[in-house]
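Here is a short briefing to read alongside the model. Take a moment with the view below, then follow the points by topic.

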Amino acid sequence: DAGVIQSPRHEVTEMGQEVTLRCKPISGHDYLFWYRQTMMRGLELLIYFNNNVPIDDSGMPEDRFSAKMPNASFSTLKIQPSEPRDSAVYFCASSLSGRPNTEAFFGQGTRLTVV
Amino acid sequence: DQQVKQNSPSLSVQEGRISILNCDYTNSMFDYFLWYKKYPAEGPTFLISISSIKDKNEDGRFTVFLNKSAKHLSLHIVPSQPGDSAVYFCAARRINSGYALNFGKGTSLLVTP
């Protein structure tokens, strides 16, 4: 398996623009997570899905952030409008329930810079 | 509110010696703990985990110890190798919260030759 695939790897955008980050989880995994990494807050959970249904979005910072999972193999995280403080590395991860070890597998991340 | 805390941002150890990375947590509902390793420009990768019903788990050079009464866990790497230089994240999962993980801010380990 190719692992969790995120695109783009890097995104530079101007303040006020819409940004869409994409994620393809590992095939067969039923959980998908979006995390954000910053120096100040470390790795923080934004939202997660189980079987394509959003379960907990309490980590989404503002209404400017939204996430969707239209099918088991694709998810998006959208920021609109973007602001400089959204600059961070965004990670997508997936995991499979029912296993003794419930570790999540991470993608390589999208480094977002909002100028 | 940081429920998982790694109070040492960085650690430097000589090759061959032991590296000890520490992690504290505040939520007594956490039932499963994991350590992830992260290299620059890559995503975190799973290293080792421990269930709350155990106090030790070992995998090769890596051992995780859990002290539930103190809400503390530690990762021991023996012997340390230069390739172990990375950022190490401690993570915890809460009972009945699905499989979402709470992460600490990470500790950057540098193993010098």
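This is a predicted model: local features need pLDDT of at least 70, side-chain atom pairs count only at pLDDT 80 or more; totals for chains, interfaces and linings use all residues.

**A residue at the interface**

Phe103(B) is part of strand 10 of chain B, which covers residues 101-103.

**Around Phe103(B)**

- With a relative accessible area of 4%, Phe103(B) falls under the 20% cut-off, so Phe103(B) counts as buried.
- Setting aside neighbours within four places in sequence, the contacts of Phe103(B) in chain A are Tyr35(A), Leu43(A) and Phe106(A).
- Within chain B, with those neighbours again left out, Phe103(B) is in contact with Gln2(B), Val4(B), Tyr36(B), Phe89(B), Cys90(B) and Ala91(B).
- Arg93(B) sits 10 residues from Phe103(B) in sequence, and their C-alpha atoms are 9.1 Å apart.

**Where the chains meet**

- The size of an interface is often expressed as the accessible area that is lost when the parts come together.
- Here, chain A and chain B bury about 1,700 Å² between them, and 58% of that is on carbon and sulfur atoms.
- The contact involves 23 residues from chain A and 21 residues from chain B.

**Chain A as a whole**

- Chain A has 11 strands and 0 helices, and its pattern along the sequence reads β-β-β-β-β-β-β-β-β-β-β.
- The radius of gyration of chain A is 13 Å, which agrees with the value near 13 Å for a compact globule of 115 residues.
- Along its principal axes, the C-alpha trace of chain A spans about 40 × 30 × 25 Å.
- Of the 115 residues in chain A, 46% count as buried.
- Among contacts in chain A with a separation of 6 or more, 54% join residues 24 or more positions apart.
- Chain A has an accessible surface of about 5,700 Å², and carbon and sulfur atoms make up 50% of it.

**An open sheet in chain A**

- Four strands of chain A form an open sheet in the order 1-3-8-7, with antiparallel pairing.
- Strand 1 (5-7) and strand 7 (65-71) of chain A are at the edges with a single partner strand each, so one side of each has no neighbour in the sheet.
- From one strand to the next, the twist averages 15°.
- Strand 7 of chain A pairs with strand 8 (residues 74-79) of chain A in the antiparallel sense, over 5 bridges.
- Lys68(A) has Thr76(A), in strand 8 of chain A, as its bridge partner.

Notes: Residues are numbered from 1 along each chain as its sequence is written. Chains are lettered from A and ligands numbered from 1 in the order in which they are written. Side-chain values use heavy atoms; hydrogens and water are left out. Two strands pair if DSSP finds at least two bridges between them. Helices (H or I, at least four residues) and strands (E, at least two) are DSSP runs, numbered from the N terminus. Axes are lines fitted to C-alpha atoms, for helices over the stretch in contact, and angles run from 0 to 180 degrees between N-to-C directions. The radius of gyration is taken over C-alpha atoms; the globule rule is 2.2 Å times the number of residues to the power 0.38. Buried means under 20% relative accessible area, exposed over 50%, partly exposed in between (1.4 Å probe, protein chains only). Contact means heavy atoms within 4.5 Å. Accessible areas come from the Shrake-Rupley method with a 1.4 Å probe; for residues, only the protein chains shown count as cover. Buried area is the accessible area (1.4 Å probe) that two parts lose on being put together, summed over both.
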